[in-house]
Amino acid sequence: MSAAHAPGSVAAELDETYRVVSRRLIPFLIVCYIFAYIDRSNIGIAKLGFMGQLGFSEAVYGLAGGLFYLGYSLFEVPSNLWMKRIGARLTIARIMFLWSLFSAATAFMLFPWHFYTLRFLLGVAEAGFFPGVLLYLSYWAPAARRARMTAQFMSAMALAGVIANPIGGVIMSSMDGLGGLAGWQWLFIVEGLPGCALAIMAFFYLTDRPAEAKWLTVRQKALLEEDLSREAAANGVQKHTRIIDAVRDPRLYSLAVMAMAMISGLAGLSLWVPTIIRRAGIEDVLTVGLLSALPYVFGVVAQQLIARSSDRLQERRWHAAGAGLFGAAAWLCLPLVQGNLVLSVVAACCIGIGMFGATGPFWSLPATYLKGTAAAGGIAIVTTCGAVAGFFSPIIVGWVSERTGTLAFGQVYFGTLLAIGAILLVLLSRSAPKAAS
């Protein structure tokens, strides 16, 4: 039963049980996703070194950035469906071990085709991690509690930006030339390989289902199972169990469009913010790294506050859409302040607030009306649509930037897409139940 409908003593026991679950799972998943996001996004700061050394163009960079999402999108649904069969421990361990190797191997690229191949393989390796964790959390918490847990997990994206860019600047400036390798090469090696150790830890640390959790008491397991089994009936939620039913629901498509906007925009933030700051007049790579962290600092604070409000009010759509519209406005304002360092950083921080602020409530939406195979497939479909947009968007932005000499088109593109996604989220998901409304 949900805590809201339970007697006082049972509600208190439930609250404590979910605190135990959160303390056990969320910190470790955050660490895993920090490394995943670092290995995905560290090309943004590494770009300042390898582009000139290897003679790569903006078009080459944009295509490689997009190929990550192509590999990601092709293998995301199969990975998530396979996780439902073999469990989270094996799936997450396999994903982390492979992506770490491919990320570290990027240090030794010489030609564009090396870059393309490794980014594609990195996407293939990482496919299924994010939707898999969303599915995994649905095994451990009902929708009413999931926005805060999801936001806590997704804070890893912002924390990775806070950590990665300054550390990347330090690695590139202090290790350049060590052992005959350039600073950007050490960046990929130092930030890539630790994921292999985490993969081994994940296999032994994670538990697939509450019934298997030795770190829960018999009473706590019973409370969790009862709460999760009664969630749909308690909230009057009609959940789809077959993928075909989910595909027929228009809400799935509003979620897909918003996912396309969010994943594209977050990719744009990580891929081009260091370049925006450099073009505003900062040459020192360490300073660029430090300033590039600011959007993520503000983003992680907004992410937690908005998720907390979403859980407290049991409202998802307007929290996600409102934050998305704020981020869209910031993207659209960014071209107006090009060349002004202070205003460019302020606009980037507002983008971080809007985009990261939307993540908790938004990614709680799919599992509120999907379960079973439909949950595994439906969540993966939404994230795959986002990954497809993540594939095309960097290619488009890189190609146009190469020919125009400005990033303004890309900034307008990201802002417009995010505004459309937020509006559709409100209009097309109005029939969602209260916990998802």
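## Close-up views of rings and charges

**View 1. F50 and F56 are both buried.** Buried here is under 20% relative accessible area, exposed is over 50%, and partly exposed falls in between (1.4 Å probe, protein chains only). This is a predicted model, in which local features need pLDDT of at least 70, side-chain atom pairs count only at pLDDT 80 or more, and totals for chains, interfaces and linings use all residues. Residues are numbered from 1 along each chain as its sequence is written, and side-chain values use heavy atoms, with hydrogens and water left out. Across the structure there are 25 aromatic pairs. F50 and F56 make one of them, edge-to-face, with 6.1 Å from centre to centre and 70° between the planes. To count as a pair, rings of Phe, Tyr and Trp (its six-membered ring) need centres within 6.5 Å; planes under 30 degrees apart are stacked, over 60 edge-to-face, and the rest tilted.

**View 2. F409 and Y413 make a stacked pair, so called because their planes sit at 20°.** The ring centres are 6.4 Å apart. Both residues belong to helix α18 (residues 408-428), and being four residues apart puts about one helical turn between them. Helices (H or I, at least four residues) and strands (E, at least two) are DSSP runs, numbered from the N terminus. F409 is partly exposed at 39% relative accessible area; Y413 is partly exposed too, at 23%.

**View 3. A cluster of rings takes in Y33, Y37, W99, F129, F130, F153, F362 and W363.** Ring pairs are what tie this cluster together.

**View 4. N42 sits in the loop between α1 (8-41) and α2 (43-54).** With 2% relative accessibility, N42 counts as buried. Skip residues up to four places away in sequence, and N42 touches S103, L187, F188 and E191. Contact means heavy atoms within 4.5 Å.

**View 5. E16, R19 and R23 join up in a salt-bridge network.** A salt bridge puts a side-chain nitrogen of Lys or Arg within 4 Å of a carboxyl oxygen of Asp or Glu. In the E16 and R23 bridge, the closest N and O atoms are 3.5 Å apart. E16 is partly exposed, at 32% relative accessible area, while R23 counts as exposed at 52%. The whole structure holds six salt bridges.

**View 6. E126 and R40 pair up in a salt bridge, with the closest N and O atoms 2.5 Å apart.** This pair links distant parts of the chain: E126 is in helix α5 (residues 112-126) and R40 in helix α1, 86 residues apart. E126 and R40 are both buried.

**View 7. E58 and K47 meet through their side chains in a salt bridge of 2.8 Å, N to O.** Here too the pair links distant parts of the chain, with E58 in helix α3 (residues 58-86) and K47 in helix α2, 11 residues apart. Both E58 and K47 are buried.
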